[in-house]
Amino acid sequence: MQRSGPRPPLRFSTQTLLLQLAVVLLVVLLSASVHAWLTYDRVGSDAENQALTLARTVASDPAVRAEVLAVSEQPGTPPPAELVAGPLQSSAEAARTRTGALFVVITDETGIRLAHPDPQRLGEKVSTDPSEALSGQEITTRNTGTLGPSAGAKVPVYAPGTATVVGEVSVGYSMETVAQSVARDIGPVALTAAGALLAGILGSFLLRRRLQRLTLGLEPEEISTLVHDQVAVLQGVDDGVIGVSADGRVSVFNAAAQRLLGLPDLSGTRWADAPVPEQLKSLTRAASTTAGSTADALELVAGGRVLVANARKALHRREDLGWVIMLRDRTELQQLTRQLDAVGTMSTALRAQRHEFANQLHTLAGFLGIGQHQEARDYLAGLAATGPLKFPVDQAELLQDPYLQAFVGAKGVEADERGVALRIGPETLVRGQVTEAQDVTTVLGNLIDNAVNAAVAGSAADRWVELEVLDEPGDDGGTLHVVVADSGDGLAEGTDAEGVFAEGFTTASGPVRAGGGQGFGLALARQLARRRGGDVKVLERGAKGGPGAVFMATLPHTTAGNPAATIQGAAGKDENG
C-alpha cells in the first residue's frame with residue numbers, strides 16, 4: 001500500500017484569509033449574542049414593569065380590597081366552588097384577559113389563592129413565597145410556577161382605609177411570550193449580523209487579492225530568501241545597479257553605483273530629480289517609448305571614469321515594475337588598451353630596428369665577402385657617427401624619464417605611420433620620474449591622439465604635433481605640465497572652448513554620436529586631471545590653415561625627484577665647497 005506524503009502547508013495568503021474569516025465570524029457571533037441577551041433582558045424587564053403596574057392596579061381596586069378583607073375576616077377559607085363564582089375571580093380574570101397576562105392571582109393574608117386562572121388551584125397555597133409581599137413590600141420576580149416560567153410582580157393588598165395587609169396580588173407574564181418578542185426583535189439583528197459577516201468575507205477576499213498582488217504571489221519565506229539574495233548579489237557585484245520603480249522613484253542604488261557615480265545612496269529619491277548624468281535619465285525614457293524592453297547602451301564619463309550604461313524594462317507577468325540600469329566601468333579597459341597599443345607600437349619599432357640592423361649586417365658581410373675592407377671600415381664609421389635607428393621623435397632626450405621616453409617614442413612611431421611628425425618642444429625638461437603612470441598615460445595619450453587626429457584632418461601640407469613637458473618639483477610630489485599643439489585647423493568657428501570637453505565631441509570632426517566609442521578623450525582627460533587637483537584647458541583656439549589648437553594639462557602629484565640628479569648635485573656642491 002502506497003503511503004501518501006505529508007500535505008503541503010497552506011499558502012500564507014490562504015492562512016491569512018482563513019484567520020480573517022474566523023475573526024470576523026467570532027466578532028459577529030459575539031456581537032449578535034450580546035445584543036440578543038441585552039434585548040432579552042430588556043424585554044423581560046419591560047414584562048416585570050408591566051406586571052408590577054397591573055398588580056398595583058388590581059391591588060388598589062376598592063372592590064378587591066374590600067372583598068379580600070371580607071374573606072380574611074371569615075373563619076377558614078371559602079370552598080373553591082364559592083371562589084370560582086366570587087367577585088375576586090371575576091376581577092382577576094377580567095384583568096388577565098384584558099392585558100394578556102399569564103396569570104393574575106389574589107391571595108389572603110396566609111397565601112391561600114382566592115383567584116387563579118386554573119379553578120382547580122383555588123383554595124391552595126401559592127407555589128412561590130408570598131412573604132415579602134405580605135410583609136408590605138412590592139417585588140418583581142422571574143421564576144417558574146404551576147403555569148410555567150414567568151416574569152411577574154407581587155404587590156400587597158391593604159384593608160380599605162388602613163395600612164393592614166390582608167392579602168397580595170401576583171401578576172405574571174409568560175417568558176415564552178417574552179422569548180417570542182425577542183425572536184421578533186432579533187430578526188433585524190440577525191440580518192445585520194449576516195450583512196456584517198458577508199462584508200467581512202468580501203473584505204477578507206479583497207485583502208487577500210491585494211496581498212497576493214503586493215507580494216507577487218510569494219510566500220514570506222520566499223520573500224525573506226529574495227531579500228537576502230538581493231542584498232548578497234547587489235552588494236557583491238562590481239557592476240553598478242540602479243532600480244527605478246514604476247512610479248518614478250529610485251528603489252535600488254547599490255554600492256558599486258555609488259562608487260562609479262561618486263554619489264550617496266539615492267534610494268527613495270525621485271528619478272527625475274536625482275543628481276545623476278542626464279544620459280542615464282534618457283535611457284529610461286528611451287526604454288519606455290521603444291517597442292522592446294531594452295534601450296541601446298551608451299558611454300558616458302562620470303567621476304573620472306568611462307562608463308557603459310544600459311537600461312532594461314522590468315516586467316513580472318505583464319506587470320510593469322520599472323527599469324533596471326546597469327553600469328560597467330570601462331576606464332581600466334581603456335587604459336589597458338592604450339598601454340597595449342603603446343607596447344604594440346614599440347614592438348613594431350623594435351622590429352623595424354631589427355630589420356634595419358639586419359640590413360646593415362648584410363651590407364658589412366657583403367663588403368667583407370668581396371674583400372672591400374676599407375669600404376667596410378668606412379661604413380662602420382658612418383654607423384658609429386649616426387647611431388642606431390631611433391624613434392621618429394626629435395629631441396626625445398629631453399625626457400629623462402624612461403617611461404615618458406618609451407611612451408612618447410611609441411606615439412611618435414604611430415603618428416609617423418599616419419604622416420604626422422611628433423616632436424618635442426624646446427621648453428621641454430623632465431628630470432623627475434613619473435609615479436602615476438596610468439593617469440599620465442591617459443591624459444598625455446588622449447591629448448596626443450586628439451592632436452594627431454586634428455593634424456590629419458587639417459588642411460596644412462606639413463603635418464606635425466609638438467609636445468612640451470615640464471616637471472615642477474614639490475614637497476608631496478611634483479607637478480607635470482603638458483602643452484600639446486598641432487598643425488590642424490583649430491577649433492571650428494562657433495565652437496565654445498569649454499564645449500570641446502563635452503562627452504561625444506572630437507576636435508577632428510566636431511560632435512559624434514553617443515555610444516560610438518569616440519569623443520570621450522578630452523572629457524576623460526579633464527576629469528582625471530581635476531580629480532588630482534589639476535586641469536585641462538584650451539590655451540589657443542587655432543586658425544584655419546594652421547597652426548591648430550593648443551591644449552595645456554596640469555597634473556599635480558605625478559612625479560618624484562630624480563635620485564641620480566640629486567646625488568650629482570650634492571657631489572658638485574661638495575666639490576665646489
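I started with the largest cavity, which holds about 210 Å³ of space. Keep in mind that this is a predicted model.

Next I asked which residues sit closest to the centre of that cavity. Of the 20 residues that line the cavity, they are F103, S127, T128, K154 and S170.

Where does the lining come from? I noted that β1 (103-108), β3 (139-145), β4 (148-158) and β5 (165-174) each give at least two residues to the lining of the largest cavity. The largest share, five residues, is from β4.

I also looked up the count for the whole structure, and the search finds three cavities of 30 Å³ or more.

New page: strand β15, residues 478-486. Is the strand buried or exposed? Eight of the nine residues in β15 are buried, so the strand is largely enclosed by the rest of the structure.

I checked the partners of β15 one by one. Strand β14 (residues 464-472) runs antiparallel to β15, and eight bridges join the two. Within this pair, V469 stands opposite V482 of β15.

The hairpin of β14 and β15 has five residues between the strands, and there I found G477 with a positive phi near 115 degrees.

Strand β19 (residues 550-560) also runs antiparallel to β15, with seven bridges joining them. Here I jotted down V483, which stands opposite M552 in β19.

Methods. Residues numbered from 1 in each chain as written. Predicted model: local features only at pLDDT ≥ 70, side-chain atom pairs only at ≥ 80, totals over all residues. Heavy atoms only, no water. Buried < 20%, exposed > 50% of the residue type's maximum accessible area, 1.4 Å probe, protein only. Helix = DSSP H or I, 4+ residues; strand = E, 2+ residues; numbered from the N terminus. Pairing = 2+ DSSP bridges. 1 Å grid on protein atoms, 1.4 Å probe; cavity = no way out; pocket = protein on both sides within 12 Å on 5 of 7 lines; lining within 4 Å. Points joined across faces, edges and corners; volume = space filled by probe spheres on them.
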